[in-house]
Amino acid sequence: MKTIGNILHITASPRADASFSQNFSKRIVERLLARDPGAVVVRRDFGVIGLPHVDETYGHTLAGSWPMAADAYERPGSLAQSERLICELEAADAVVIGTPMHNYTVPSVLKAWIDHVLRAHRSFGFSPEGKVGLLADRPVYIAVASGGGYTGEGTLQPDFLTPYLEAVFRTIGIRDLHFFPLQRTVAGAEAVAEALRGVEALLDRKLPMPTLTPLPEPMPLAAA
Ligand SMILES: Cc1cc2nc3c(=O)[nH]c(=O)nc-3n(C[C@H](O)[C@H](O)[C@H](O)COP(=O)(O)O)c2cc1C
């Protein structure tokens with residue numbers, strides 16, 4: 001695996017420290033740091049601090065109804081915000097996302113981030129075959145907490161979150177996605193413990209702890 005210099009860590013739960021997805025996404029970041037201790041982490045807790053939706057200028061410019069002003073990125077508003085967020089993503093060698101499932105998909109604050117980051121002619125372009133991603137691929141680790149189950153046998157609800165995030169990242173050229181489903185968080189302590197065991201095992205498989213190289217034996221002193 002390539003050395004990681006920059007990690008972008010995004011969380012989308014409003015529950016801050018009580019959040020399963022936030023806490024497990026921190027475990028993923030810790031593991032990446034164990035493997036690349038020099039990596040710099042940029043953390044964005046959007047679930048707590050919020051993120052404004054795209055605004056009128058952004059909407060009109062993207063719809064082609066307004067030509068993009070030369071100074072559009074310098075003006076306050078969501079085009080400048082979009083540019084900052086895309087630059088942050090471009091600078092990241094790895095992305096870690098902690099998100100709850102809200103009504104079968106991502107919370108609206110993560111959707112707002114997606115609306116800023118998937119920008120036509122900037123993060124994706126067009127070809128006769130469809131949209132073409134303009135960003136380099138990189139690993140994205142996604143911890144998903146859900147109150148009920150959404151994968152495997154006996155699940156009683158649809159999962160729009162996983163295929164949606166796959167389509168979103170594919171649009172901008174990112175395909176190396178790794179999901180960590182932390183399911184049934186409202187089903188009691190035993191269900192939570194089982195879910196945590198499952199994602200920890202997945203973490204060990206996907207990002208094994210680095211083995212420390214033993215220090216060499218000290219050289220014996222040369223006889224005087
Ligand atoms: C607005 C809202 C919608 C939710 N929708 C779902 C859902 O569709 N499916 C589900 O399994 N759990 C749903 N939940 C439960 C959360 O996914 C669950 O509590 C999860 O642990 C929250 O993530 P967090 O612990 O990272 O905050 C919903 C919770 C909220 C607040």
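Colleague: How many helices and strands are there in the protein chain?
Modeller: The protein chain has seven helices and seven strands, taken as DSSP runs numbered from the N terminus, with at least four residues of H or I for a helix and at least two of E for a strand. This is a predicted model, where local features need pLDDT of at least 70 and side-chain atom pairs pLDDT 80 or more, while totals for chains, interfaces and linings use all residues. Residues are numbered from 1 along each chain as its sequence is written, and side-chain values use heavy atoms, without hydrogens and water.

Colleague: In what order do the elements run from the N terminus on?
Modeller: The order is β-α-β-α-α-α-β-α-β-β-β-α-β-α.

Colleague: What lies 2.7 Å from an oxygen atom of the ligand?
Modeller: A polar side-chain atom of R15 does, and for S19 a polar side-chain atom also lies 2.7 Å from a ligand oxygen atom. Polar contacts here are pairs of N or O atoms within 3.5 Å.

Colleague: And which residue has a polar backbone atom 2.8 Å from a nitrogen atom of the ligand?
Modeller: That is N103.

Colleague: Switching to helices: at what angle do helix 4 and helix 5 pack?
Modeller: Helix 4 (residues 78-91) and helix 5 (residues 108-117) pack at about 90 degrees, with axes 8 Å apart. The axes are lines fitted to C-alpha atoms over the stretch in contact, and angles run from 0 to 180 degrees between N-to-C directions. Helix 4 is therefore roughly perpendicular to helix 5, a term for angles of 65 to 115 degrees.

Key. Polar contact = N/O pair within 3.5 Å; in protein donor to acceptor, adjacent residues only side chain to side chain. Parallel < 35°, antiparallel > 145°, perpendicular 65-115°, else oblique.
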